[in-house]
Amino acid sequence: MPLLDVRNLKTYFYTEDGVVRAVDGVTFSIDPERTLGVVGESGCGKSVTARAIMRLIQSPGKIEAGEIFLNHDGETIDLTKLAPMGKKMRSIRGNKIAMIFQEPMTSLNPVYTIGNQITETIILHQGLRKKEARKRAIEMLTAVGISSPEQRVDEYPHQLSGGMRQRAMIAMALSCHPSLLIADEPTTALDVTIQAQVLDLMNDLRKKFRTSILFITHDLGVIAKMADHVVVMYLGKIVESAPVRGIFKDPKHPYTHGLMNSIPSLKMSRKKRLVPIKGIVPDLLEAPQGCGFEPRCPSAMEKCKAHIPPLKEVTPNHLAACWLYA
Amino acid sequence: MFHNNILLEVKNLKKYFPVRKGILRRVVAHVKAVDGIDMYIKEGETLGLVGESGCGKTTTGWTILRMANPTAGDIIFRSKKLAGPGEEYKEVDVGSASRKQLKSLRRDMQIIFQDPYSSLNPRMTVGAIVGEPLLVHGTAQGSELEDRVRYFLDAVGLKPDHMKRFPHEFSGGQRQRIMIARALSPEPQLIVADEPVSALDVSIQAQVLNLLEDLQKEFGLTYLFIAHDLSVVRYISNRVAVMYLGKIVELAETDELFANPRHPYTEALMSAVPVPDPDSNAERIHLEGDVPSPVNPPPGCNFHPRCGYAQAICKTDNPVYRDVGNNHFVTCHFADSLNLRPLWTG
């Protein structure tokens, strides 16, 4: 049974200019102790998906339709049915599902010590006493590889470097041993050598704490390293979904192809020219009638203009939403 | 070692920023942002400058353009616009150039910034932004100015009617095109591109990289391309300089650098880049800890606290930046004896 099962999730924003269909019918699931990678460019809906799972969508946004099933301790809960600020959801958020964000500087509270912020979660969710919670916080800081944790626990976020802050964020997120960790571009703000440290750490901790990870990024290199299964998003929809090898070795959707061709790789010889995807991502308010990628697609057909292609299995376990395969 | 086609030569360039404390604002220390670098850029080439945040790559770019005054060292630029009659170029030391010389030099040296959102004046139309350098330098006016602006907008793939629009009406990639058009309009010889694609989405990044390449050929431009992304630098550069804590640790032809790294930091940096290939099991070299503070860099080789190959001498003696053959420059005591791994062969 999957740990998280998202079905036909729709999250719309009702703005003055019209309805923004940020997430428009997304279906995926995450198995226990697995990492699902979500790739896409800015505005594709990957972060909104994460926030919808956390039930952190605020007005004018709204979960319009769909189900988010969390299977935990033999219990199946549909998160969309819970009140976002209700007791049940609050006992899940930060406890069973935790999240780490891109910018550790803006996501940590600058006026509280690291220790304060970690123990807050532990005291709230696990009901430990202050002293025990502090002990747990120090344990967590040790687990994420922060040196002299007894000292660091009393420091403020500004006293830590970027990589350390992200480690502290991870320590906070994992402090209640969540079964799902949502990581939204967790290493984008970090330097490559620090990124390498944090990615390895996340992989180690996933095994140690038996956590599943929903890993959101725009970086295909990071996805290749972290994910077991990958979904590619474009304009609020999943355009391709496959095990990580399938995505990289045999991409089906023209958008995935385009992404692969437009990144310079260290492997690539200088003589080869990049093949960019033409045009730009359309405004969500003026999303195309048919397939969202049609205006930029090199293989677009007449049919693509008017009809949205369904996400269908092309080869076993490899899905693509494209009329080339339907 | 004399190259006739050198456009810019930097010798022992230093840029220190004072750290002030107390009521009297006494200088208590210096941030050694750029701490003695030597390099040259040949005409028509792209020199990539790569390193992690805080390594001094941006300060290097700014100092070369004299947007910051150098603390020490020479920045020799061969300006065509300042050349006298019968001269092909005039050698000017940018660091000590007079105001008048500088104004003229600014036409020769331009910059493209990282963030196209905050680098364009939101109250100016695109036409005014791209035309301003021409007005300032008195190169064109009136309808001629408009023609020039149209020409440069066309060169970067924008439409003439975009002239009347404001920056907020454009996407990130288009804004970066406006920035490039603005940098092109005074017809410079050198463009310092400071992380020009790192704020852009991957599919747009490729468009801008290809555009920069095309413009280089069309206008005979020379680029100093500053970036933290090794793959991008590898793609666009003829030669690459790797910076760490204010110093160039290695500089070589691009293919040479990637096939035959001679500095342990280059090796580690290359191995840290995640490869878009799930089957890649290339072993990573782990750098422990963070980059030390440039206020108080470690003694000896400033990379030694994180270096897996460090020996006693590295803690005490500063390695010399030297040519190890083939114009491959390295700052490491053991550049000749270490057997470092290229990440990929082939």
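**Close-up 1. Strands E7 and E8 of chain A, side by side in a predicted model.** In this predicted model, strand E7 (residues 180-184) and strand E8 (residues 212-217) of chain A run parallel and are joined by 5 bridges. One spot to look for is Leu181(A), which sits opposite Ile213(A) in E8(A).

**Close-up 2. The open sheet that holds E7 and E8 of chain A.** The edges belong to strand E6 (97-100) and strand E11 (312-315) of chain A, each of which pairs on one side only. On average, neighbouring strands here are turned by 25 degrees against each other, direction ignored. Helix H7 (residues 162-174) of chain A packs on the sheet, where it touches E6 and E7 of chain A. The direction of H7(A) makes about 170 degrees with that of E6(A).

**Close-up 3. Helix H4 of chain A and its buried face.** Helix H4 (residues 114-126) of chain A has 13 residues, and at 1.5 Å a residue they should span 18 Å; the end C-alpha atoms are 18 Å apart, so the two agree. Which residues of H4(A) are buried? They are Ile114(A), Gly115(A), Ile118(A), Thr119(A), Thr121(A), Ile122(A) and His125(A). Looking down the axis of H4(A), you'd see these buried residues fall within an arc of 155 degrees, so they line one face of the helix. An α-helix has 3.6 residues a turn, so residues three or four places apart point the same way. The cover over the buried residues of H4(A) includes helix H5 (130-143), helix H6 (149-152) and H7 of chain A. Just past the end of H4(A) comes Gly127(A), with a positive phi of about 65 degrees.

**Close-up 4. Strand E4 of chain A and its partners E1 and E5.** Strand E1 (residues 4-15) and strand E4 (residues 61-72) of chain A run antiparallel, with 8 bridges joining them. Asp5(A) stands across from Phe69(A) in E4(A). E4(A) also has 4 bridges to strand E5 (residues 75-78) of chain A, again antiparallel, and there His72(A) faces Glu75(A) in E5(A). E4(A) and E5(A) make a hairpin with 2 residues between them, and Asp73(A) in that turn has a positive phi of about 50 degrees.

**Close-up 5. Where chain A meets chain B.** The contact takes 36 residues from chain A and 37 residues from chain B. On the chain A side, helices H8 (192-209), H9 (220-226), H10 (244-249) and H11 (254-262) each supply at least two residues. The largest share, 6 residues, comes from H8(A). By class, the chain A side has 17 nonpolar, 11 polar and 8 charged residues.

Key: Residues are numbered from 1 along each chain as its sequence is written. Chains are lettered from A and ligands numbered from 1 in the order in which they are written. This is a predicted model: local features need pLDDT of at least 70, side-chain atom pairs count only at pLDDT 80 or more; totals for chains, interfaces and linings use all residues. Two strands pair if DSSP finds at least two bridges between them. Axes are lines fitted to C-alpha atoms, for helices over the stretch in contact, and angles run from 0 to 180 degrees between N-to-C directions. Two residues are in contact if their C-beta atoms, placed from the backbone, lie within 7 Å. Ala, Val, Leu, Ile, Met, Phe, Trp, Tyr, Cys and Pro count as nonpolar, Asp, Glu, Lys and Arg as charged, and the others, Gly among them, as polar. The expected span of a helix is 1.5 Å times one less than its number of residues. A residue is buried if 20 or more other C-beta atoms lie within 10 Å of its own, exposed if 12 or fewer, and partly exposed in between; C-beta atoms are placed from the backbone. The arc is that of the directions from the helix axis to the C-beta atoms.
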